[in-house]
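Good morning, and thank you for coming.

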Amino acid sequence: MQFSTLLVSALASIASAQKTWVVTVAQNGSLTYSPNNIKAQPGEFVQFQFLAGNHTVTQSTFDKPCQPIAMHTNATGFHSGFQPVAASASMGMVPTYTIQINNTNPLWLYCAQGRHCENGMAMVINEPAANATRTLENYKKLAANAQTVLPGNATVGGGQPGSTDTPTSGTPTDEDTPTSSQSTQPTVEAGAGMLSAPGTFALFAAGAIALFL
């Protein structure tokens, strides 16, 4: 009983320090991120869990969907690299990719595999509330007529790759162009490794965090 109390107390401390959003990629084999529209605060984490196929999570601008943000701005952005689920599934693992949110600027994301982006595999973190035209729906409309571009050399960057035993769940223009003092590229700090590391405790901790928040 004492161990349970200590464990819950420790997890509550973790929960108060950071929140982790879980986004499932290709749930039931679909070309989707679920959820595909979230509001994350600075300091919080977003973990992508790849459930099927071979997909990426890649950052773009709103105006140029399906193309890496670095093609149109001085921001590096982030790119998970391709995550072939079958190779991990044979070991009973699910590939993950975790980012930490630095600010509330919108982050427009797409899958760089084939024509997945054009077919609607896109999402947004912190959709701008003050601009009714910059919505995920309008981003997908632009994407339908775009051409997918894979980041140069397919370099992985901006986040923390990892794996877990099973799923735990559940931008340039004036308003989102990075400046020299404020980057839109999320980062990963020391605490992120726990949620992307394999193991039952990591899963339990992630679920408990969601419960406490």
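Buried here means under 20% relative accessible area, exposed means over 50%, and partly exposed lies in between, with a 1.4 Å probe and protein chains only. Helices (H or I, at least four residues) and strands (E, at least two) are DSSP runs, numbered from the N terminus.

Before I go further, a word on the source: this is a predicted model, in which local features need pLDDT of at least 70 and side-chain atom pairs count only at pLDDT 80 or more, while totals for chains, interfaces and linings use all residues. Residues are numbered from 1 along each chain as its sequence is written, and side-chain values use heavy atoms, with hydrogens and water left out.

To return to β8, 7 of its 7 residues are buried. In a regular strand, side chains alternate between the two faces of the sheet. T98 belongs to this strand, and its relative accessible area is 0%, so T98 is buried. The C-alpha atoms of T98 and T20 are separated by 9.1 Å, although the two residues are 78 residues apart along the chain.

Which strand pairs with β8 over 5 bridges? It is β4, and the pairing is antiparallel; two strands pair if DSSP finds at least two bridges between them. Within this pair, T98 is the bridge partner of Q47.

Leaving aside residues up to four places away in sequence, V46 touches W21, V23, I38, A40, Y97, T98, I99, I101 and I125, where contact means heavy atoms within 4.5 Å.

**The open sheet and its helix**

Next, an open sheet of 4 strands runs in the order β3-β10-β9-β6, with mixed pairing. β3 and β6 are at the edges with a single partner strand each, so one side of each has no neighbour in the sheet. β9 and β10 pair in the antiparallel sense over 4 bridges, and L107 stands opposite I125 in β10.

Helix α3 (136–143) lies across β3, β6, β9 and β10, at about 145 degrees to β10. Axes are lines fitted to C-alpha atoms, for helices over the stretch in contact, and angles run from 0 to 180 degrees between N-to-C directions. Which residues of α3 are buried? They are L136, Y139 and A143. These residues cover an arc of only 55 degrees around the axis, which puts them on the same side of α3; the arc is that of the directions from the helix axis to the C-beta atoms. The cover over the buried residues of α3 includes β3, β6, β9 and β10.

**Loops and backbone details**

Finally, I turn to the loops. T56 is in the loop between β5 (54–55) and β6 (58–60), and it is buried, with a relative accessible area of 0%. Its side chain makes a polar contact with the side chain of T58 at 2.8 Å. A polar contact is a pair of N or O atoms within 3.5 Å; within protein, one must be able to donate a hydrogen and the other to accept it, and residues adjacent in sequence count only if both atoms are side-chain atoms. A polar atom of the T56 side chain also lies 2.9 Å from the backbone nitrogen of A112.

S34 and P35 are joined by a cis peptide bond, with omega about -5 degrees. P35 is in the loop between β2 (33–34) and β3 (37–38).

Two residues other than glycine have a positive phi. For A26, in the loop between β1 and β2, phi is near 65 degrees; A26 counts as buried at 1% relative accessibility. For N126, in the loop between β10 and α3, phi is about 65 degrees; N126 counts as buried at 5% relative accessibility.
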